[in-house]
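Dear colleague,

Please find below the structure that I am handing over to you, together with its sequence. My findings follow directly after it.

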Amino acid sequence: MPICINMLYNIVPLAGPDLKMKDGSFRPLYKIDNQPLIIKTLKSRNWYKDDYKFIFILREVKGIDNLKNYLRDNFKYCKIVTVSDITKGALLSCLGATSLVTDYNL
């Protein structure tokens, strides 16, 4: 009997107009209760598991490599899609990210 390993993919669209705040910082790294918003939002969910695969959708902006590195450091199995400009919404951004899903036998 095969061992079932959690292969759930979670697509997180972050490429919207509020990716960067007016002060130049990244909204996902904004601190709430001494935790970055992205950590508080995702890792506090009752469904969260360390082996979940996240696909983050980011937009090419100045300093984006800092956010990419932070996400890779904190979400072990994450993949990142970078779009060049604002899209027509989160749903279409997510649709593009599905090309990174590698296992459809979930």
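Both faces of strand E4 are covered: Lys 53, Ile 55, Ile 57 and Arg 59 on one side, and Phe 54, Phe 56 and Leu 58 on the other, are all buried. Buried here means under 20% relative accessible area, exposed means over 50%, and partly exposed lies in between (1.4 Å probe, protein chains only). E4 comprises residues 53-59, and seven of its seven residues are buried. Helices (H or I, at least four residues) and strands (E, at least two) are DSSP runs, numbered from the N terminus.

Please note that this is a predicted model, in which local features need pLDDT of at least 70 and side-chain atom pairs count only at pLDDT 80 or more, while totals for chains, interfaces and linings use all residues. Residues are numbered from 1 along each chain as its sequence is written, and side-chain values use heavy atoms, with hydrogens and water left out.

The protein has three helices and five strands, arranged from the N terminus as β-β-β-α-β-α-β-α. E4 pairs in parallel with strand E1 (residues 9-13) through five bridges, and five bridges also join E4, again in parallel, to strand E5 (residues 79-83). Pairing requires that DSSP finds at least two bridges between two strands.

Asn 10 belongs to strand E1 and stands opposite Phe 54 in E4. Asn 10 counts as buried because its relative accessibility is 14%. Leaving aside neighbours within four places in sequence, Asn 10 is in contact (heavy atoms within 4.5 Å) with Trp 47, Tyr 52, Lys 53, Phe 54 and Ile 55.

The largest nonpolar core has 19 residues, of which Leu 19, Ile 38, Phe 54, Phe 56, Leu 58, Leu 71 and Phe 75 touch the most other members. Helix H1 (37-43), E4 and H2 are the elements that give two or more residues to this core. A second, separate core of nine residues includes Ile 57, Val 81, Ala 97 and Val 101. A nonpolar core is a set of buried Ala, Val, Leu, Ile, Met, Phe, Trp, Tyr and Cys residues joined through side-chain atoms within 4.5 Å. With the same exclusion of neighbours within four places in sequence, the contacts of Leu 58 include Leu 14, Leu 19, Leu 71 and Val 83.

In helix H3 (residues 90-97), Ser 93, Cys 94 and Ala 97 are buried. They lie on the same side of H3 because they cover an arc of only 100° around the axis, the arc being that of the directions from the helix axis to the C-beta atoms. Leu 91 and Leu 95, on the other side of H3, are exposed. The buried residues of H3 pack against E1, E4 and E5.

Arg 27 is placed in the loop between E1 and strand E2 (31-32). With 32% relative accessibility, Arg 27 counts as partly exposed. Leaving aside neighbours within four places in sequence, Arg 27 is in contact with Asp 18, Leu 19, Met 21 and Leu 37.

Finally, buried residues make up 34% of the 106 residues in the protein.

With kind regards
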